[in-house]
Amino acid sequence: MRARRPPGRHRRAGEARQVTYREVIAIREFRALWYGQCLSLLGDQLAQVALAVLVYDRTGSPLATAAVYALTYLPSIAGGPLLAGLADRFARRGVMLACDLVRAALVGTMAVPGVPFWALCALVFLVVLLSAPFSAARAALLPEVLEGDAYVIGSALQNMTNQGVQMLGFATGGALIATMGPYRALALDAATFLGSALILVSGVRRRPASAGASKPSMWSMTAGGARLVFGSRKLRTLVLFAWLCGFYILPEGIAAPYAARLADGSLPVPVITGLLMAAMPAGTVVGAFLFSRFVPAPRRLRLMGWMAVLSCAPLVVTALRPPLAVVLAAWVLSGIGGAYQLAANAAFVQYVPAERRAQAFGLVQSGLMAVQGVGILVGGFAAERLGPEPVVALAGVAGVISAAVLALIWTESRDESARMPAEATA
C-alpha cells in the first residue's frame, strides 16, 4: 500500500496552496499527539486548581499556596535546558512515554490523602521537571509528522486547543473540585497521563534516536544547543520574539488586583478576574485561526514584526483607566497580536537541524518560563506601589519598543539573506 503523503511535502513553488485544518487532522500521528496533549493539559488544569485548594486547606497560608504555584516555574527554568536534550539523545516517542508513565505515578502519589506537605512540594517539583523533556520531544517530533505549511496549521490548532482547554479548565475546575474534592481531581490528572501514554503507543510510530550512535554527554548537548540558538543572529532574534510574551502575559498575573479596581458593584470581583484572565487566551484562539487560515505562508514572516507590536500596543490604553469593557477589548486584541508566535515558531523549526530540535526547543521553553515568572513577579511588586493600571501600561510601552527593535533586526536579517544569492551569482 502506498503511504499517504502529508500535505505540504515536496510541493513546487508554483503548486503551493493553503493547507486546511481537515487535511492536517486527517494525519493519524498528528491526531495522536493532539489528543494526548488535550487530555493531559485538561488534567493539569484540574490539578492546578486542586493543588491550590489542597495546600490552602492544609496550611491556611497564602504564602504557602503561592510557593507551591512558584514550583511550577522553577523546575523548567533550572532543569529544562539540561533535560530537554534527552529527546535528542533517545527516541522521542520513548521519552514521551517514559515521562507520561512516571508523572502518572508521581501524581497518583499526590492523590493519596495524608501525604506530608514537604513531600507534596517535592512531587510537584518532579512532575513539572519531567514536562521539559516531554514538551521538547513533542515539539521536535511535530515537524517530522507535519512539514511545510502543514506544520504551521498544526501548530495553530494545538495553540488554539491549549488556550481553549485553559479557559475550560479555569471555568469548570473550581466547580468539579467542589464536587469531587481535590484528591479525586489529582487522581483524575494521573489517569490523563496514562491515557496520553496509551494514545502515543497506539498512534505514533517508532523512530530511532536523532543523536546517532555517538550520544554526546548531556552537558555537551546543552552547551552545543546554547551555541546553536544564540550564535545565530536569525535564531537569536526568533528566540527574543518568543520571549516577548513576558510583556503581554504580565497583566494576567495581576488580574485579581486589577479586577478589584474595576469592580463597580455590577459584577463580583472573582467574575471580573475570570473575564480578565480569559480575555487574552480568547484573543489568541481567534488570532491563531485567522493568521494560519487566511494569511499566506510567505506573508506571515513579513507580518510577524507588526503582529508582535500589536500584542503589546493595546495594553497602553490602561493608562487612561478605562472601564471593564474597554480593558477586555484591549486584552483580546493583544491576544490576537500574539498569533505572531506561529510564524516565529515555524521559522525557528526551519533554521534548526532536525537532530538538535529538542535541545533548542528546551532552551527556548525554559526562557519562556523564566520571562513569564519574572515578569509576573516584577509586575506584582510594582502594582503594590503604583497600582495595576500604570504597570500594565508600562509593560505595553516596553513591549512595543522591544517588538519594534526586533522587527527592524528581523527585516535586516531577511534582506541580507535575500541579497546573498544575488551577490553570489553576480
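This is a predicted model: local features need pLDDT of at least 70, side-chain atom pairs count only at pLDDT 80 or more; totals for chains, interfaces and linings use all residues.
The protein has 19 helices and zero strands. Of its 426 residues, 50% are buried.

### Confidence

The mean pLDDT of the protein is 81. A score of at least 70 is reached by 81% of the residues. Among the elements of the protein, helix H16 (residues 324–337) has the highest mean pLDDT, 95. Helix H3 (residues 62–70) has the lowest, 58.

One is residues 1–15, where the pLDDT is below 50. Beyond near neighbours in sequence, residues 1–15 still have 19 contacts in the model. The other is residues 420–426, where pLDDT stays under 50. For residues 420–426 the model has zero contacts beyond four places in sequence.

### Helix packing

Two packed helices are described by the angle between their axes and the distance between the axes. Two pairs are described here.

| Helix pair | Angle between axes | Axis distance |
|---|---|---|
| H14 (residues 269–294) and H16 | roughly 35° | within 6 Å |
| H17 (residues 340–351) and H18 (residues 357–386) | about 145° | 10 Å |

H14 passes H16 in a right-handed crossing. On the H14 side, the contact is made by Ile272, Leu275, Leu276, Ala279, Met280, Gly283, Thr284, Val286 and Gly287. H16 contributes Leu324, Val327, Leu328, Trp331, Val332, Ser334, Gly335 and Ile336. By class, this contact has twelve nonpolar, five polar and no charged residues.

The crossing of H17 and H18 is also right-handed. Here Asn345, Phe348 and Val349 of H17 meet Arg357, Ala360, Phe361 and Val364 of H18. The contact of H17 with H18 has five nonpolar residues, one polar and one charged.

### Individual residues

Thr237 sits in helix H11 (residues 233–243). Its relative accessible area is 4%, so Thr237 is buried. Leaving aside neighbours within four places in sequence, Thr237 is in contact with Leu406, Ile409 and Trp410.

Cys121 belongs to helix H7 (residues 117–145). Cys121 counts as buried because its relative accessibility is 17%, and the cut-off for buried is under 20%. Cys121 and Val55 are 66 residues apart in sequence. Their C-alpha atoms are 9.7 Å apart in space.

Phe90 is in the loop between helix H5 (86–89) and helix H6 (92–110). With 36% relative accessibility, Phe90 counts as partly exposed. That class lies between the limits of 20% and 50%. Phe90 and Ala137 are 47 residues apart along the chain, and 9.5 Å separates their C-alpha atoms.

Arg321 is a matter of backbone geometry. Most residues other than glycine have a negative phi. Arg321 is not a glycine, yet its phi is positive, at about 55°. Arg321 is found in the loop between helix H15 (297–312) and H16.

Conventions
Residues are numbered from 1 along each chain as its sequence is written. Side-chain values use heavy atoms; hydrogens and water are left out. Axes are lines fitted to C-alpha atoms, for helices over the stretch in contact, and angles run from 0 to 180 degrees between N-to-C directions. Helices (H or I, at least four residues) and strands (E, at least two) are DSSP runs, numbered from the N terminus. A crossing is left-handed if the near helix is turned anticlockwise from the far one by less than a right angle, and right-handed if clockwise. Contact means heavy atoms within 4.5 Å. Ala, Val, Leu, Ile, Met, Phe, Trp, Tyr, Cys and Pro count as nonpolar, Asp, Glu, Lys and Arg as charged, and the others, Gly among them, as polar. pLDDT is the predictor's confidence in each residue, from 0 to 100. Buried means under 20% relative accessible area, exposed over 50%, partly exposed in between (1.4 Å probe, protein chains only).
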